[in-house]
Structure formats: structure tokens, C-alpha cells
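Please look first at the whole chain and then at a few of its residues. The paragraphs below are meant to be read beside the model.

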Amino acid sequence: MTLTAAGQTLLPLAQRMVADADAAQEAVADIVGLRRGEVRLGATPSLCSSLVPEVLRTFRTAHPDIQLYVNEGGSQDLIENLQAHTLDLALIVQPEEGVDESLSTTPVLRESLVVASVADRPPPTPHAQIALSELEHTPLVMFRAGYDIRGVTLEACEKAGFTPKFAVEGGEMDAVLAFVEAGLGVALVPSMVLANRPLLRATPLAPPGMRRTIALAHRTRSVLPHAAQALRATLLQHVATQELPLGVRPL
């Protein structure tokens with residue numbers, strides 16, 4: 001059999017189509033098999049400095065060829081980024097009123113807020129726990145405006161009947177902890193961030209205390225890419241099986 005003139009003309013095109021189809025199959029197989037791909041994760045600063053590094057290390061060991069992108073920000077910013085399709089997953093502080101129906105959330109853990117102070121100085125209270133009202137005359141290191149914990153702290157102080165006095169304000173998590181280490185004041189922080197801070201002491205709040213729920217969010221109507229599904233599974237497995245710091249419990 002021999003090709004006609006028309007067949008000869010179409011042969012290179014047909015060969016390219018077959019090659020492109022084979023390449024497409026290989027690319028899809030790589031992504032499905034997690035040999036290639038990317039995942040975009042958002043997380044609050046406190047989680048970026050505590051939970052997220054351990055989770056990403058485990059994920060990276062299992063899937064070394066997946067490209068990881070991390071966006072650090074406040075919960076509201078992360079929610080907006082999810083809705084704008086610039087993130088696949090986000091670890092957020094779940095609002096009591098819930099999130100927009102365009103997002104689905106899975107509660108991951110519940111953590112307590114504690115009072116952070118310098119470990120080699122007298123504690124902020126002689127008792128094992130500290131009542132929030134005891135901080136009325138104690139200078140606080142306060143987060144920047146718009147930061148999740150700032151709003152929670154100011155609201156709790158108002159309910160306790162006082163307006164807190166700031167020693168310094170305007171920092172992100174690492175800056176706030178550094179300011180406390182420098183002896184500028186105390187700060188209300190999530191207990192998890194003090195796990196690797198030997199220079200700081202954590203004093204629990206007296207009942208009822210202050211707690212927050214951390215949730216993993218994604219878009220309701222979008223199918224998660226395979227890499228994002230794998231990262232989600234890794235994070236949930238980590239929380240369920242690893243020992244968590246005092247004041248933190250999985251959900």
C-alpha cells in the first residue's frame with residue numbers, strides 16, 4: 001500500500017497528533033500519580049510558624065516533585081484569595097458565624113490562647129492560671145490592625161471591663177513574640193506558637209479561657225487538584241496522629 005498525495009500531506013500532521021496525544025496521556029498520568037503538579041496553600045502567620053512546616057516536610061518527603069506555594073495572611077484575606085481562585089486550600093480561623101456558602105470548611109483543631117511572657121522573669125500572676133482582668137495594668141504587645149487575634153483580644157478585654165494598655169503594637173506573629181522576648185510586655189497568643197520558644201513562658205487563662213477553631217477551607221464547587229487532595233490528606237493525618245502542644249486538640 002502506498003499513500004496518495006493527500007495522504008503524504010496529512011502524514012506529518014497525523015504523526016504530530018499521535019505524539020501530542022501520547023504526551024498528554026503522560027502528563028495526565030504524572031499529575032494523577034503525583035509526579036508533577038502544584039498546590040497553593042494559604043495559612044495564618046501563627047500556623048505558618050507552627051503546624052504548617054511539619055506538614056509540608058511530610059508532604060515533600062512523599063511527593064518531592066510537587067511544587068508548593070504558601071501564602072501567609074489573615075483569615076479574611078485567605079478567604080478572599082480562595083474565592084479569587086488564587087489558592088487551592090487555606091487554614092483559617094473559623095468565624096463563629098461560619099463562612100460564605102461558596103466555601104467548604106473542615107474543622108481541624110481547637111487551640112487555646114495563652115499569655116506569653118519572658119521565662120526568666122516573674123510570671124504575670126502568682127497563680128497557675130491568670131484571669132484576663134489581671135492584665136488591666138500590664139502592658140500588652142499587640143498585633144497589627146486586621147490581625148485575627150487582635151480583634152478577639154480587644155473584645156475579650158472589653159467584656160472583662162477594661163481597655164488594655166499597649167506597650168507596642170503593629171507587628172505580625174514573629175515580631176510580637178520577639179517583642180515579648182525583649183521584655184516589652186506580654187501578649188495573648190495561640191499556645192501552639194510557643195512550642196519552640198524556650199525564652200517564653202505560657203500562662204493559661206482562667207476559665208472560661210479563650211479558644212479558637214482552625215479549619216481547612218476550599219471552594220465548594222471546585223474539584224481539588226490531585227496534589228491539593230494529597231496535601232489535605234497529609235495535613236489531616238498529621239493532626240490526627242502527631243502529638244500536639246499543650247492546649248491544642250484535634251477535631
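Predicted model: local features only at pLDDT ≥ 70, side-chain atom pairs only at ≥ 80, totals over all residues.

Residues are numbered from 1 along each chain as its sequence is written, and side-chain values use heavy atoms, with hydrogens and water left out.

The protein contains seven helices and 10 strands, which are DSSP runs numbered from the N terminus (helices H or I, at least four residues; strands E, at least two). Of its 251 residues, 39% are buried, a term that stands for under 20% relative accessible area with a 1.4 Å probe, protein chains only. Among contacts with a separation of 6 or more, 78% join residues 24 or more positions apart, where contact means heavy atoms within 4.5 Å.

Within helix α2, which spans residues 45-48, lies S46. S46 has a relative accessible area of 3% and is therefore buried; apart from neighbours within four places in sequence, S46 is in contact with Y147, M173, P190, V193 and R212.

Rings of Phe, Tyr and Trp (its six-membered ring) pair if their centres lie within 6.5 Å, and planes under 30 degrees apart count as stacked, over 60 as edge-to-face and the rest as tilted. The count by this rule is one aromatic pair. That pair is formed by F143 and Y147, and is stacked, at 4.5 Å centre to centre with 5° between the planes. F143 counts as buried because its relative accessibility is 1%, and Y147 counts as buried at 7%.

Technical notes: Buried < 20%, exposed > 50% of the residue type's maximum accessible area, 1.4 Å probe, protein only.
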